[in-house]
Amino acid sequence: MFSILFSLKKERTIEQTVHEIQQGNKVLHNQLIQQYKPFIAKTVSNVCKRFIHEGDDELSIGLIAFNEAIEKYAPHKGGSFISFAELLIKRRLIDYIRKEAKEKNIILHTNEDEENSAQTYLDTKLSMDEFYKQVEQEHRREEIIHYQQVLKEFGIHFHDLIEQSPKHKDARINAINVAKLLVEDEEMLEWLFRKKQLPIKQLQNIAEVSRKTIERNRKYIIAVAIILAGDYVYLKDYIKGVLPS
């Protein structure tokens with residue numbers, strides 16, 4: 001078993017392994033899940049803030065999420081497979097914990113007598129509202145961490161975006177629209193993530209903006225394109241807020 005796993009690591013990157021699995025290699029599929037079970041358990045434990053046992057439901061959620069990551073991973077969307085799998089495991093676990101907490105509180109409320117039901121309902125609602133806020137904060141934090149990792153692959157940091165983002169609203173909208181055109185074209189999107197550069201000439205031909213404008217807003221366009229091409233729920237909401245309704 002160890003020789004098989006060592007050979008797997010030596011001969012392929014994990015991204016190459018995932019690609020072969022997506023092509024139907026079931027042997028590699030089973031090997032990869034077994035190899036990364038400790039990683040899955042550690043990720044689950046970090047979310048749950050406790051030691052995870054083999055029979056725990058949370059570990060099963062983590063394994064299902066890791067398998068989902070294998071099925072859904074797309075290199076052209078940026079980021080390593082491991083960072084994508086970690087994001088997905090945490091997202092699915094938080095959703096599961098949120099659902100469990102809601103169901104338990106509903107059951108608690110229905111078991112209360114009439115005299116205490118009003119106060120119980122209020123306490124439950126307040127605690128659930130606070131829990132939902134924590135869940136959303138965790139979602140946002142994980143998205144930002146993953147997003148930062150992908151930006152680094154392009155040599156871009158958050159402070160670059162703050163300094164170089166278009167100052168005027170119309171300029172930001174135009175840059176976002178350029179990014180949307182890029183993401184909608186498979187060849188240009190593949191070029192972006194493979195070369196880590198904007199396909200400026202192709203964009204200039206279809207976006208009806210000058211080369212100078214594209215080059216001036218290069219980092220902002222790349223940053224927006226990464227969000228639009230990826231699985232970023234909250235960051236996409238930010239972009240929707242910038243665009244006119």
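Modeller: Let us begin with an idea that we need at once: a polar contact is a pair of N or O atoms within 3.5 Å, where one atom must be able to donate a hydrogen and the other to accept it. Please keep in mind throughout that this is a predicted model. In this model, the side chain of H29 makes a polar contact with the side chain of N67, at 2.5 Å.

Biologist: Where does H29 sit, and what does H29 touch apart from its neighbours up to four places away in sequence?

Modeller: H29 lies in helix α3, and, when residues up to four places away in sequence are not counted, H29 touches I21, N67 and I70. Helix α3 covers residues 26-35, and its buried residues include L28, H29 and L32.

Biologist: How should I read a nonpolar core, and which residues have the most contacts inside the largest one?

Modeller: The general idea is a set of buried nonpolar residues joined through their side-chain atoms. The largest nonpolar core here has 32 residues, and those with the most contacts inside it are Y147, F154, L192, F193, L198 and I226. Several helices each supply at least two residues of this core, among them α7 (114-153), α9 (169-184) and α10 (186-195), while α13 gives the most, with 9 residues. Domain 1 (12-104 + 124-152) and domain 2 (156-239) both give residues to this core, so it lies between them. To follow one member, look at L192, which touches F154, L182, Q197, L198, I222 and A225, not counting residues up to four places away in sequence. A second, separate core of 26 residues includes I14, L32, F84 and L88.

Biologist: Is R91 buried or exposed?

Modeller: The cut-off for buried is a relative accessible area under 20%. R91 has a relative accessible area of 13%, and therefore R91 counts as buried. R91 is placed in helix α6 (residues 81-110), and it touches H139, E143, D231 and V233, again without counting residues up to four places away in sequence.

Biologist: How far apart are R91 and E142, in sequence and in space?

Modeller: R91 and E142 are 51 residues apart in sequence, whereas their C-alpha atoms are 8.3 Å apart in space.

Biologist: Which residues does the "DNA-binding region" annotation cover?

Modeller: The unreviewed UniProt entry gives this annotation to residues 200-219, and such annotations may be inferred rather than shown by experiment. In the model, residues 200-219 are 80% helix and 0% strand, with their end C-alpha atoms 12 Å apart.

Methods:
Residues are numbered from 1 along each chain as its sequence is written. This is a predicted model: local features need pLDDT of at least 70, side-chain atom pairs count only at pLDDT 80 or more; totals for chains, interfaces and linings use all residues. Side-chain values use heavy atoms; hydrogens and water are left out. A nonpolar core is a set of buried Ala, Val, Leu, Ile, Met, Phe, Trp, Tyr and Cys residues joined through side-chain atoms within 4.5 Å. Buried means under 20% relative accessible area, exposed over 50%, partly exposed in between (1.4 Å probe, protein chains only). Domain bounds come from an automatic or database domain assignment. Contact means heavy atoms within 4.5 Å.
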